[in-house]
Structure formats: C-alpha cells, structure tokens
Amino acid sequence: MTFVPVIPESYTHVLAEFDSLDPLLSALRLDSSRLKCTSIAVSRKWLALGSSGGGLNLIQKEGWKHRLFLSHREGAISQVACCPYDDDYVAVATSQGFVVVWELNQERRGKPERISVSSEHKGRKVTALCWDTAILRVFVGDHMGKVSAIKLTTSKQARAAATFVMFPVQTITTVDSCVVQLDYLDGRLLVSSLTRSFLCDTEREKFWKIGNKERDGEYGACFFPGRCAAGQQPLIYCARPGSRMWEVNFDGEVISTHQFKKLLSSPPLPVITLRSEPQYDHTVGSSQSLSFPKLLHLSEHCVLTWTERGIYIFVPQNVQVLLWSEVKDIQDVAVFKNELFCLHLNGKISHLSLLSVERCVERLLRRGLWNLAAHTCCLFQNSLIAGRGRKSLTVDKLEHLKSQLDLTTYSDLISQLEELILKFEPLDSACSSRRSSISSHESFSILDSGIYRIISSRRGSQSDEDTCSLHSQTLSEDERLKEFISHQEEDQPDQCCSSHGNEDNVSHVSVTFETDKNETFLPFGIPLSFRSPSPLVSLQAVKESVSSFVRKTTEKIGTLHTSPDLKVRPKPRSDEQLCEEDVSPVTCSKEEDTEGIEEVTSQPPEEDKFQELKIATAEAMTKLQDPLVLFEPESLRKVLQEWLSQLEKTFAMKDFSGISGTCNSSTTSNEDVLLFDESKNGILVEDNEKEERDSLDNEETVDHTACESVKSLREPLDDLFRVCSPCSIANGLRKDLAELTTLCLELNVLNSEIKNTNGHEDHPLQQCSSEILACQFLKKYFFLLDLKRAKESIKLTYADHHCVWDTFIKGLKEMASSNPTYMEMEEGDLPTKLKLLDDSVPFDSPLLIAYATQLYEKFGESALRSLIKFYPSILPSDVMQLCHHHPAQFLAYLDSLVKSRPEDHRQSFLESLLQPESLRLDWLLLAVSHDAPPSTSTMDDEGNPRPHSHLFSWGYNQLILHLIKLPADFTTKEKMTDICRSHGFWPGYLTLCLELERRREAFTNIVYLNDVSLMDGDSGWIPETMEEWKLLLHLVQNKNTTPAPQNSPNGSFSDGPSPVNLENVALLLAKAMGPDRAWSLLQECGLTLELSERFTRTCDILRIAEKRQRALIQSMLEKCDRFLWSQQA
C-alpha cells in the first residue's frame, strides 16, 4: 500500500458524505428510467423531492422517513421551495407554469390543503421560486422575465375572509431576459437575469439596476446576511464572467470586484465518502475561468456555487477559496446550514456536509470507519497540527484508531499515523525527546494536560512482570537525563550564564500514571493493558519517582540556570511584551552562578510542595473529564474541595525561593514588580519584604500549614490583593489553575474541607457568609482567575451582594493602577478621558470595566450615558452592578442604549440584552417606579383607574412598551400585568390583557378610564361577541348610576377625549354590527329610551351607506364575471 499524500495546511474544511440516499430513492421508485427526481428543496424538517410524474415527496430528515406524497395534475414538478421559517408550507411549480402552495397541517394532524393555485405564469417555464422571510408570500420568476408575488392566506384566514373578493397574485416586474435566480431579505427582492441583476424594494416599489456592465449567460446572485450583534449590514454577491463576483451593499451599489480565477488553479480536494478512498493530486492546474449559475449562502461566512465540473465554496469577504471538489453532473443544489443536497442529471441525490477536518474525523470514528478516518487524518495532517486539532481529536483517539487498523494491510498508513501522533505532542515539553525514543514501544501516550499514560503493546499479557515493573516500560533516569541534556544543547548551543525560556521545562513537568481507578476515563472504553496491585502504592511510587527525577535533573543541569537572588529584571521597553514563562536575566559571573546553583538545590522540600500542586491539578483535571463527576454537583464539589486544599497549602507558603528563580529581590522599588497583562498571559511577580521575613518562621507541618491557611482566609485582608503571582508558573499549569480556580468561584466552592486529628470534619469557614468568603477568595487568588468568567459568575451568583462586585472591581483597579493610562485618566474632562480610553484600552480587555468605574465615580450619570459606545464590551448587567446605589441612573443608560439603535431594531436588540430572562421583570419594575406620575393620580382608593389617567406621560414610556411587547411565557406575562396594574401604567396593562385574553378586565378598566377612543380605531378594543357587547353596555349603565368625578387629569372633561357613555357605545355597536342588529340588542337590554335623536340619524345614515356598498360590490362582481367570460371566449 502506497503512502497517502499530504494536503497543505491552508485547507481546514472538507465535504463529507456519510449517508447514501440511493435506498431512499429506490424505495420511492425514483431511480427508474420512467420516473426520476426533477427538483429538490430542503428546510429544517423536510427534504422535498419533486418527480417527473407530478408527485412531491416530503421526507422527514430525522430518520429519513417518508411522510407525505402530494400529487399534481398540472404536470411534472420543475421547482420546489420550502418556507424557511414555517415547515408547514411548501411551494411547487409545475411544467405547465402553474404554482401551487400547500399548507401541510402537520401540527393539527389534518390533511394537506392547497391554499393557492396561481396561473399567472401558465404556458411558461417557471425558473425560480423564493419565499418572503417575514410574511406568507412567494415570489415566482419565469423564462420570459416576469416576476410575480403570491400573497397567501392560510385556511383559517380564508374562512374568515370568505365574504371578500381577493386578488392574491401581483406582478412585481418584468426584466429583459430569463430569470436565473431569486433571493429575498429584509424587504428587498434580488432578481438575477441573463444580462444583469436587479434590486427591488417590495415595500416602496422601487427598483435599481446593480452595476453598469451587462453580461450574457446564467449568472446567479444572493444575499449575504450581516451579523446583528456586530451591526453589519447585509451584502449582495453577484456572479460575473471569468470567475469573478461583485460585492454590493444593501442599497445596490457595487463596492468591489473579487477575482477567483487564479485561486482556482489549486488541485481539488477529495470528497470524504464511503464509495471510494479519498485521492489527492498535488499537480497544480491552470486557472479556471468559470461562470457561476447560482450563488447560495452557506453556513455563516461562505458562498456556494457549482458547475458541471464540481462544487466551489468561497469566503468572499476574505477573497478566499475555502475548497473546491470534483462532483460531476450537478443539476441543482439545495442547502440548509452546512448541509448540501445535490441533484444530479441522472436523478441521483448526494447528501454532503461541510465540516472542519477535526469534526469529520470525529464522525468517522463514531461510525467505526477506521480506514477512511485514518486516510483523512493522513491527508489533512498539516491542518490538524497547525489548527491544534488535538483539542477535540486527542492523541488517545489517534492511538485507538491506529490499533484498529490491520498491520499487514495498512502498514504504510499506520506508519504515517504514528508520525502524526508524534507531531501532536507539545513542543515545549521537557520529555518530548523521551517520548519520541519510546514511541516505537507504545509505552506512553500524552494527554492535553501533559499527563503521560502508559500503554502496553502486549495486550494479552497479565504477568507479574507486566503489572508490577515500571522499568520494563520506560527508560532509566540517567538515560532520560542524557537525552534531555543533548536535546537542550541542540536547541541552545550557547548557554554560558543565562537561559532564555527553557528553565521551566524541567521544574514544571508533570508525569502521572493512571491506575485502574481511572480506567473509566479512557475514550472508546479501552481496557488498561496492565493493572497495579495497589493504586495507593503505585501513586506513592510515581510521586517519589517524579520528585527524585526533578531533583536530579535540577542538580545536573544547574549550569543552565542563574541564581534567583542574582536575577534583576531590566526595565521593560514600550515596544516589548513580557513573555509568559521567561524573565530575561542579566549576564552573571561564574562564581555568582555557582552560588545560585547551591541555593536552588538546597530547597527540595519547597519544590516538592509545589510539585504536589501540579500532581493534584493534573488529577483534578483528569477527574473532571469523567461525565459521572462533571455532571454530578456533589462529586464535582468534592473534587474541587480536595484540589483547593492543596492550593491553600501551596500558596500559604511565604517563601517560594526554591520553586522559582524569579520571585525574590533585595529591593522594593517599582521595578521589582512585573505587572500582569491578562491579554498576553504574562508573568506575575510580587515582591514583598514582609513575606520574605515571614518565610523564616514558616517551617511547620503540612497540617499546621493548612490550618494557618484557613486562619489567613478568615482575616479581613483589607485592601491586600494578590494580583501578581508569587512565582513564575508555566503556561500549561497556569491554564489548568485558572480553570479550576474559576470553577471554584462559579460553583461557590470557596473553602476546603479540613479534617482534624479526631477524624471529624471541621468547617471553620462555614460560619462566614458566602459573600464574605467570596470576597476573601477573590483577594487571595485574584491572580489565578479567568477575569471574564469571574465577572459573569459574580453577576449571576452575587447579584444581591454588591460587596463581592465591589471587591472584584477593587482588584481590577489594583491591577490597572500601574498602567500609564490609568494615571493619565486621573486628570482631564470626560471627552478627553473617553478618547484616551478608546485609543489605549482594547475593547476585549477585562480591565475596561475598571476604567469605566473610575469615570463613573468622577462624572456620574453623564459617564454612564457615554458607556454606550463600549457595548458589547460593557454590558447593561455590568452597568447595573456599577450603579446599584442609583438605579435611576441605570435606567437612563438603558434607555439611551436602546434608543441608539434604529427604531425597527430596538425591540429585537432589547430582547438580546435580557440574559438571563429574570432581568425582564426587574427592568420593568425599575422603569415603572422611576420618573412616573404619583399613584394617587392614576388610581383611586380602591385601586381602580382614574378617568383619563392613561394619558399621563411616563419618563420611560417607550422602554416599558418595548419590554411588554417582547415574547414571553404565560407566567411572566401575568407578572408583568400585575406590575403595570399596581403602578397604574394603564396602556401596558390593557395591552397585556389583550395578549392574555383577559377581555372582561380590559373592558372594565376602559370604562373607568372613560375614553371611548380606546375602543375605536385600528388598535381599539372592539367587543367581538354578543356577550362582550352586553357586558360593556351593562358596565356603562352601572357607571351612569354612580356620581361622576369633578375633573380629569388634563382639566375639564370638555378638554379631554370623548367619554364612555351609553350613546357613544351604542354608536360603536351600530358601526360594528349594523344598525338593525344594534337596535335589537339595545331593545333586549332595555336601553332604547335613553338614546337621543343623534343615534337615530346616525343609524339612518349607516343603512343608506350599507345599501350603496352592497350595490357597488354587486356591480364589481358583474363586471368581473363579464370580463372572465370574454377571456374564455
């Protein structure tokens, strides 16, 4: 078997075919010469297949089950389009030019219905169908250039409007040639013909030609939706001759032309399919000058097209060819998210998926397709390595994949896979040379966390030698050391007195062997090939071996290190960033270097304590990979508490001189502190003479140290924050420490369980409240936290305990205080400081909220309003915590933030801010409680509305209405209704009553408000049934018996709206039901005697108008009838 070629690392995605639809087509009898599949469409739920016999097959994508068959006598199916937002509607065009729209009635379990049949294009070939994205409307284009719109009514709407004459088909435009493609987005219709593309505003009925140059042939065009969160406008891409595309803005103006001709000279990528092994030819071909017949928006950033040769996927905003693959004889393609359904000229269908290489390999492994997975890994090994595919595609999975291949058949493939596994190892590991030397024996596999797992190549052996001897599986300590030293010498030929970046490679290595208790953590359920007779004995042996190895290595390569006390940090230059594991030392003499070696090697106990933290961290990270631990809160807390105990022991030590050579200094100047840069993961070095002096007295047992750490945790600590690490920490370990520390804060695991000598558990910190523990936890381990996650956790968990937020902000200020920007912001006016903040601080910096707090403390509400420009880096939830003492200021900020968006986007934008959903009620309560009229003006003593009190002005009226109109569950709507009623916000209360079908309450309160305009107009509350009219008349009659109030909020009643009295309600009744039915209802209620002559005259006028309207409708119907008969003749 030959070696698999390697594809360049720039290709990160691939087209894969996991399912064959041939059995489905065979079951539907669409694979015969008489009956073929002629059209295809796809939605979230359905795969729609139109046939040459006029049938439409609807296949449920989940399980590929055939659900419906819709027949058409109007000819073969030429086009199909599924409604993108409602799976209950599908449009079909036939070969005779008819367009049929079906309502499937799946939710009601009824029979499918034809809700529209359009003959507007009869006798023509329909070439394009497209759905409106907002309303039930279908756009149709034909080969003569005619474009029409079919406005639909559902079966319910049709029954309600049965008495009206409707003309649902409307001609939009007629272009100069055949319609090639239609697309619709946000009120704009995109029409692509043989000569050019057109943009149509369907609401304003305006048309634009896109570009000045014409073309000749089938060229597609499509919308490219913008991202709402980033405020991007949608774009348009139009195909041009010679493998080009126009990039067009939403107003139809050409922005630029993208050329893909030369980029398409690269060889095609293979399609990963079960039908054949993937093949790749490195030969670079000539540039391709293609015409793209259609353009389809795929996934999020891609545009797809095809030709008779293959499929092409572009990232047009980057002018990049994501991939192109040879797929022959494609007639049409339907896409949904990252799925492609290709209809071929012979009627066959291919189901492809656009996936990253890592996800493709994972799917193949889950399906047990070992050969194909191995081929894919070897083909795309450059991409897997460069893209750090090990995050999801771990070494263990590759080892397991290799073990499933037959050695005799796939020897070359196995050797390539072994090379890939070697390249997956981290380059900065001190044991990488040892790993390469023992890989042929399959003695170790390395995990993402740096842990080495023993894997024996003798799978069936269970002898004592295999189970008990570690020396039979590994190299000796001396051999490891020799290899390590030689590796160091190759990397650094000149290391006289200083080291640059490798001094942590030995001191921070972590080697851990898994025992049988960790067997459940192995992927794919691989059994361990050997078992230790005692997990505790093995773990202790490993611990001693690791400690001994680290001490010997430190002694033998001590010449590569400098003395920690002799290292002086040079002044940082403005154009340099501090490295993560490197503090540049100055060159020292040999005598000073020798003294430094003696000091390093004289501190093994402290180093062992730090090594214990590494081992505990590795164990905790391994346990967290077990779903039984990760998804069980009690088990997860227990693991975190055990780890936190070791963290407290380690960082309770006052002297870290034996652990790092960059921690101690003889001076206390500002130059001795390396500031922490969160974005660069820099080193934190805190220099404190007091800790150095206290370290001389810190020589007690581990148990005593743990107790002291608990004691120190209970101390107030005042303003002392550990924003700097007391020692240099390797990048891998720092990442794991940050993950576990932040997880402790998120799960409220703020203290460890300490056992006393009697064996009983003692919880001295349980006496403290959770918010005090959280504050102390923040102060002690601030330098380890993931600040962004910590901020979100504090907002969710301690929303009502503002002291925790204040402590967090104080820590951020402490971290930012040494930044020149922080110093400069102490002076100047608000615009100057905002410009400085905008220019100097990255938007994604966690310190941004500290600067915002500084502005707020000085400028108050005006500073809050200016923070709008920093959204979404500073969220409303951040501002809410920032000004928790002044909620009215937060309302001003929120109102300004919402009003900064376009009016038609404000409601959706506000909905995106409501995370979590509980904020909706909190913000509504705030809005109706501030800048509001007094409750005595809106409600009487019994809690009923005062007349005309709905006309009062509210400071945050628009914000309240936006919050009310947002979709929510029934319980939330009821709570919002109670809030509006208790505060007298009657417009919102009536709106919510309408949504909740509490119409009786609504009519009762309208009568109290005494404004008949609330029941008039398009948005008025008109009673719908006889019972509601009787209720309203009864309420008005009872109101007339009670004494009327003397005045209204706006003055006398003559200045206000028309009152709700019997005559006004009777007139509304006559307009809604007709004068005759209204009179009979009033007689039934005994109210005719109270009506004036005005009501009688109005009824007479309504009767005359009704007769004229009937005559006009009859005349229109007769004319339509004569016109239709004349057309048939």
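Mentor: Two strands count as paired if DSSP finds at least two bridges between them. Helices (H or I, at least four residues) and strands (E, at least two) are DSSP runs, numbered from the N terminus. With that settled, take the pair β11 and β12: strand β11 covers residues 137-142, strand β12 covers residues 146-151, and five bridges join the two in an antiparallel arrangement. One point to find on the display is Gly141, which stands opposite Val147 in β12.

Some ground rules before going on. The model is predicted, so local features need pLDDT of at least 70 and side-chain atom pairs count only at pLDDT 80 or more, while totals for chains, interfaces and linings use all residues. Residues are numbered from 1 along each chain as its sequence is written, and side-chain values use heavy atoms, with hydrogens and water left out.

The pair belongs to an open sheet of four strands, ordered β10-β11-β12-β13, with antiparallel pairing. The edges are β10 (126-131) and β13 (169-174); each has a single partner strand, so one side of each is left without a neighbour in the sheet. Ignoring direction, neighbouring strands of this sheet are turned by 20 degrees against each other on average. For such values, axes are lines fitted to C-alpha atoms, for helices over the stretch in contact, and angles run from 0 to 180 degrees between N-to-C directions.

Strand β7 (residues 89-94) is antiparallel to β8 and joined to it by five bridges; Ala91 stands opposite Val101 in β8. The hairpin of β7 and β8 has four residues between the strands, and in it Gly97 takes a positive phi near 95 degrees. β8 also pairs with strand β9 (residues 113-118), in the antiparallel sense and over five bridges. In that pairing, Val100 stands opposite Val117 in β9.

Strand β8 (residues 99-103) is mostly covered, with five of its five residues buried; buried means under 20% relative accessible area, exposed over 50%, and partly exposed in between (1.4 Å probe, protein chains only). In a regular strand the side chains alternate between the two faces of the sheet. On one side of β8 are Val99, Val101 and Glu103, on the other Val100 and Trp102, and all of these are buried.

Now the helices. In α30 (residues 919-929), the buried residues are Leu919, Arg920, Trp923, Leu924, Leu926, Ala927 and Val928. Their cover includes α27 (876-882), α28 (887-899), α29 (906-913), α32 (957-965) and α33 (970-983), where contact means heavy atoms within 4.5 Å. Just after α30, Asp931 has a positive phi of about 55 degrees.

Two of those covering helices, α28 and α32, also pack on each other, at an angle of about 75 degrees and with axes 10 Å apart. They are therefore roughly perpendicular (65 to 115 degrees; under 35 is roughly parallel, over 145 roughly antiparallel, the rest oblique). From α28, Leu891, Leu894, Asp895, Val898 and Lys899 meet Gln958, Leu959 and His962 of α32.

Helix α27 turns up again as cover for α21: the buried residues of α21 pack against α19 (731-746), α20 (770-781), α22 (802-816) and α27. In α21 (residues 787-797) those buried are Leu787, Ala790, Lys791, Ser793, Ile794 and Lys795.

On cysteines, a disulfide is a pair of cysteine sulfur atoms within 2.5 Å, and the count by this rule is zero. Cys775 has its closest cysteine sulfur in Cys803, 4.0 Å away, which is too far for a bond. Cys775 is buried at a relative accessible area of 11%, and Cys200 is buried at 4%.

For the chain as a whole, there are 39 helices and 33 strands, and 51% of the 1129 residues are buried.
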